[in-house]
Amino acid sequence: GESQRAYQAYGDASQISLRAGDIYTAVLSTSNQAGVLAEWGKLRQAAAMEQRAIDLATEHGAAQMPVLGAVQAQLAEYLYEWNDLDGAKQHLTEAIERIERAHNPRLLLLSHVNMAWMLWAQGDPVGARIHLTRAEQLARDHALPLQYSSKVVVCQVRFWLVETNLPAAKVWMQQSKLGVDD
């Protein structure tokens, strides 16, 4: 139904944009098409399409466009899921640089949280904490809504649990008025 039409519309928009020389819209449409594939559970195809969006920009001399930060951040999530931590780190590093230039605090926060997780998985808790701190700062400085700031809290609490820092987790639980069953 609707998702099939969306997939087709994004594909059409990408082709039309390419013919018109509008690389920005072509990249964005290709990435949105990848998002539909991900919704369908076709993650390998979605990752390939995100890479195609990056390749489109590169082929047309637009490899530095800020929108690629969002594309690379999404691709990094797939790579993380498949335990390609080096690939995820590379794309997240580049994504963060691009997103900073684009001044998008919401996407930047999510990318820092993802980098924190990825670094933690690589055995770098110090690097992970640096990125988590940056994400916390973004949430505060930009008064980001709960759907973003909660990602920081979840990451912090999980780190405490992994470290078996139960006193810190308990304090957070009491302050948030949440129980074990919530």
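I started with the largest pocket and asked which helices line it: helix H4 (68–81), helix H5 (85–102) and helix H6 (105–121) each give at least two residues to its lining. I kept in mind that this is a predicted model.

The volume of that largest pocket comes out at about 330 Å³. I found 17 residues lining it, and those closest to its centre are Ala73, Glu77, Tyr80, Glu81 and Asn114. Sorted by class, the lining holds 11 nonpolar, three polar and three charged residues.

**Two helices side by side**

Next I checked how helix H2 (residues 23–39) packs with helix H3 (residues 43–59): the angle is about 175 degrees and the axes are 8 Å apart. Angles over 145 degrees count as roughly antiparallel, so I noted H2 as roughly antiparallel to H3.

I then looked up who makes the contact. On the H2 side I listed residues including Ile23, Ala26, Val27, Thr30 and Leu37. On the H3 side I wrote down several, among them Leu43, Met49, Glu50, Arg52 and Leu56. The residues of this contact split into 12 nonpolar, four polar and two charged.

**One residue up close**

Is Glu2 buried or exposed? I put it down as exposed, because its relative accessibility is 60% and the cut-off for exposed is over 50%. Glu2 sits in helix H1 (residues 2–20).

I also took a distance from Glu2 to Ala13: they are 11 residues apart in sequence, and their C-alpha atoms are 16 Å apart in space.

Terms used. Residues are numbered from 1 along each chain as its sequence is written. This is a predicted model: local features need pLDDT of at least 70, side-chain atom pairs count only at pLDDT 80 or more; totals for chains, interfaces and linings use all residues. Side-chain values use heavy atoms; hydrogens and water are left out. Axes are lines fitted to C-alpha atoms, for helices over the stretch in contact, and angles run from 0 to 180 degrees between N-to-C directions. Helices (H or I, at least four residues) and strands (E, at least two) are DSSP runs, numbered from the N terminus. Angles under 35 degrees count as roughly parallel, over 145 as roughly antiparallel, 65 to 115 as roughly perpendicular and the rest as oblique. Contact means heavy atoms within 4.5 Å. Ala, Val, Leu, Ile, Met, Phe, Trp, Tyr, Cys and Pro count as nonpolar, Asp, Glu, Lys and Arg as charged, and the others, Gly among them, as polar. Buried means under 20% relative accessible area, exposed over 50%, partly exposed in between (1.4 Å probe, protein chains only). On a 1 Å grid over the protein atoms alone, a cavity is a set of points where a 1.4 Å probe fits but cannot get out, and a pocket is an open set with protein on both sides within 12 Å along at least five of seven lines; lining residues have an atom within 4 Å of a point. Grid points are joined across faces, edges and corners, and a volume is the space filled by probe spheres set on the points.
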